[in-house]
Every structure is written in structure tokens, then in C-alpha cells.
Amino acid sequence: MGGTPVLPSELALTRFPADPRERLRAWDAADEYLVRQLGEGVDLSGRVVVFGDRWGAITTSLAAAGVRVTQISDSYLGQQATAENLSRNGESPADAALATTVEDFSGPIDLLLVRVPKSLALLEDRLWRLRPFIGPDTTVIGTGMVTEIHTSTLQAFERILGPTRTSLAVRKARLIFCSPDVGMARTQNRWPLTYQLPDGIGVASGHPVVNYAGTFSADHLDIGTRFFLQHLPSRSDAARIVDLGCGNGVVGLAAALASPKAVLRFVDESYQAVASARATFAATFPPGTRDAEFRAADGMAGFEPGSVDLVLNNPPFHSHQATTDATAWRMFTGARAALRRGGELWVVGNRHLGYHGKMKRLFGNCDVVAGSPKFVILRAVRI
């Protein structure tokens with residue numbers, strides 16, 4: 001059954017990991033607009049699927065009303081936030097099925113709710129993968145801030161599912177209403193994509209890269225990673241190497257090629273990224289031929305202190321629409337804790353981000369390995 005969803009502003013919600021100093025909320029006007037719409041006569045009695053719920057505000061609102069809801073997420077941090085927010089508001093995590101974008105999905109969908117993701121590719125891919133479970137009577141509603149909903153966003157719904165329209169803006173948020181047309185001709189989903197790495201980037205030159213939808217710079221090698229690959233350490237003595245924030249795994253692949261005996265660990269908070277890294281590594285090293293592990297996690301959480309020789313990191317500096325160094329700081333502190341004495345953290349980043357000062361404050365040292373007008377590569381040693 002299910003009653004009227006509780007508005008996010010009436011719930012106790014936080015991001016993950018919870019930080020009392022965090023000023024960013026775990027919901028926004030788009031989440032509230034959607035939940036308010038659901039309380040105005042939308043049938044919530046069937047199977048409800050939520051995709052893209054960033055910190056669990058929509059899922060928790062529905063679960064609190066007794067709605068049977070399945071959340072599909074690409075974010076490890078987002079799903080951890082959802083589980084904690086459910087508990088924080090008196091709901092059991094079992095009250096909502098928490099699935100990832102890399103898990104198989106089955107069964108009909110009565111109501112599909114889409115929090116528009118930052119990546120258009122991820123939106124397209126998910127609509128394609130859910131389309132077989134959407135019938136003519138399925139209700140499809142999307143939401144996003146005005147700055148997140150573009151013509152291409154609406155065209156994706158229209159092209160993949162059927163006729164689409166938008167609502168008026170309320171507090172700079174909009175709703176998307178899509179009427180499924182099950183008779184539409186089906187074209188092929190283009191994800192995942194594969195391309196060959198260019199020449200001139202070191203040991204990884206010419207190797208294939210596999211990219212699942214939503215992975216950063218999925219159809220070409222971005223200039224920051226290219227610069228990093230050209231200056232990676234040659235560390236035949238590094239037995240345990242971590243590609244932290246691995247994306248499609250090209251940095252870890254290059255490290256594996258440069259250090260044939262090293263054990264590799266690929267870590268990212270995106271399930272799509274971890275799947276990309278796994279596929280990229282397997283395209284060069286067939287399963288079982290190298291010791292490699294792939295995990296979706298909160299940075300270096302779960303690594304034993306002193307268990308790592310080398311951490312390679314290209315940290316993100318956006319959390320959805322917000323610019324923040326909180327993720328990078330968590331990555332740096334986690335790396336320091338996991339590194340053995342003498343172990344090294346190598347970081348590439350935009351010059352203006354000021355990572356040098358942060359790393360020096362944390363490690364007591366920081367050297368500039370290489371620089372360009374836009375990027376800098378930094379190295380800190382665990383003393």
C-alpha cells in the first residue's frame with residue numbers, strides 16, 4: 001500500500017560519511033518537489049524503483065510511508081547514506097531494496113522515479129537497461145534542478161522511453177513526465193565503450209580501455225590522466241599499489257605494467273567505475289594472471305595500516321554541483337594511514353586546488369614531481 005511520502009525536510013538526513021562540520025544538505029529542492037508530487041495522487045501501491053537518489057532522501061521518504069521501494073545507485077557513498085538515513089528515521093534498511101547499477105535487474109516496474117544524474121551517459125544507459133521492465137501503464141517521473149535538466153536530458157527520455165514534458169520550475173527545480181511507448185523501435189545501447197590508449201604515454205600506450213556509462217572521460221583519455229601517465233613512478237620494488245579513485249583503471253593498469261610483480265588494488269566510490277577498471281585490467285591481463293582486487297568503497301577505508309607501498313590518486317573536486325576538497329582530504333588521510341613507512345602518495349591535480357599545502361601539512365613533506373600550466377604532480381612520503 002503506502003501512504004503519503006514524508007518530505008525530506010521533515011526527516012533527519014545526512015550525507016555519508018556523516019560530518020558535523022558538513023554544511024551541504026542531504027537533499028535539495030528537486031528531491032522535495034518530487035516527493036511533494038508523489039503525495040498528490042500518484043499510485044504508490046505497486047513496485048516503485050528509484051534511480052539516482054543521491055543521499056537517500058527520496059528512498060527514505062517513501063520507506064517512511066510504507067512504500068515498497070527499490071533504489072538503484074551508482075554510488076557506494078550514496079547507498080551507505082541511504083542505509084544510515086533509513087535507520088536514523090526509524091526504518092530498517094530491509095524496508096528498501098538497495099541495488100547497484102552493475103547488478104542484474106528483473107521484474108516489472110509500476111513507478112519509475114529518476115533523480116537526473118550529472119552524467120547524461122549514465123542516464124541513457126540506465127533508461128536502456130530498465131526499458132524492458134517498463135510497460136504502457138508504468139508511471140515515469142524525473143526530477144532535477146533547472147541547471148541539471150537540459151534539452152539532451154529530455155531527448156534521452158523521449159528517444160528511449162517515449163513522449164516527455166517538463167513542469168514549471170519551483171525553487172529552481174523541475175519535474176520530468178514521460179509516457180512510455182512500448183511500441184517504439186529499439187536501438188542498441190552503446191555502453192560500455194572501448195578505445196585504445198594513444199602513443200606517448202608510457203607503458204600503457206596502445207592498451208585497450210573499457211568504459212561503463214558514467215565513468216569520467218569515457219570516450220577519450222583526459223589531459224590530466226595523460227599527464228599523470230607520462231610521469232608515473234617506475235617502482236619495481238612497490239609490492240602493493242593502490243589506484244585510488246580509479247575511474248576506468250588506466251593509472252593502475254600502467255602501474256601493473258611497470259611493476260610486473262606488484263599486487264594491485266583498484267578503489268572507487270562508483271560501481272560503474274569499478275566495473276570499468278575490472279574490464280580494462282582484464283583486457284590486458286586475463287583473469288587469474290595477476291593479483292588484482294576491485295572494490296567500491298569510501299577511499300582507503302578497510303585497508304590495514306602500513307599495508308600499502310604506493311598510492312596513485314587523481315582526486316575529484318566536485319560532489320554533484322558543489323565544489324569541495326572534502327573528498328580529496330579524506331583520500332589523503334586514508335592513504336597516509338594505509339601506507340607503510342617510506343611508502344608514497346602520488347597525486348595529480350589542477351594547480352589552483354592547492355593540494356601541495358594539504359599534503360605537506362598531513363605528511364610533513366611534499367615534492368613537485370612535474371608541472372604544466374594546468375596540472376601538477378605531487379609526491380608525499382610516509383615518514
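Predicted model: local features only at pLDDT ≥ 70, side-chain atom pairs only at ≥ 80, totals over all residues.
Start with the helices. Two packed helices are described by the angle between their axes and the distance between the axes. For helix 9 (residues 326–338) and helix 10 (residues 355–363), the axes come within 11 Å and cross at roughly 35°. The crossing of helix 9 past helix 10 is right-handed. On the helix 9 side, the contact is made by Ala328, Trp329, Phe332, Thr333 and Arg336. These meet Tyr355, Lys358, Met359, Arg361, Leu362 and Phe363 on helix 10. Sorted by class, the residues at this contact come out as seven nonpolar, three charged and one polar.

Now to the strands, where strand 18 (residues 375–381) pairs with both strand 16 and strand 17. Strand 16 (residues 339–350) runs antiparallel to strand 18, and seven bridges link the two. Within strand 18, Val376 sits opposite Gly349. The pairing of strand 17 (residues 367–371) with strand 18 is also antiparallel, this time over four bridges. Here Ile377 of strand 18 has Ala370 standing opposite. Strands 17 and 18 make up a hairpin, with three residues between them.

How enclosed is strand 18, and why? Five of its seven residues are buried, so strand 18 is largely enclosed by the rest of the structure. Buried here means under 20% relative accessible area.

Notes. Residues numbered from 1 in each chain as written. Heavy atoms only, no water. Axes fitted to C-alpha atoms, helices over the stretch in contact; angles between N-to-C directions. Left-handed = near helix turned anticlockwise from the far one by under 90°. Contact = heavy atoms within 4.5 Å. Nonpolar A, V, L, I, M, F, W, Y, C, P; charged D, E, K, R; others polar. Buried < 20%, exposed > 50% of the residue type's maximum accessible area, 1.4 Å probe, protein only. Pairing = 2+ DSSP bridges.
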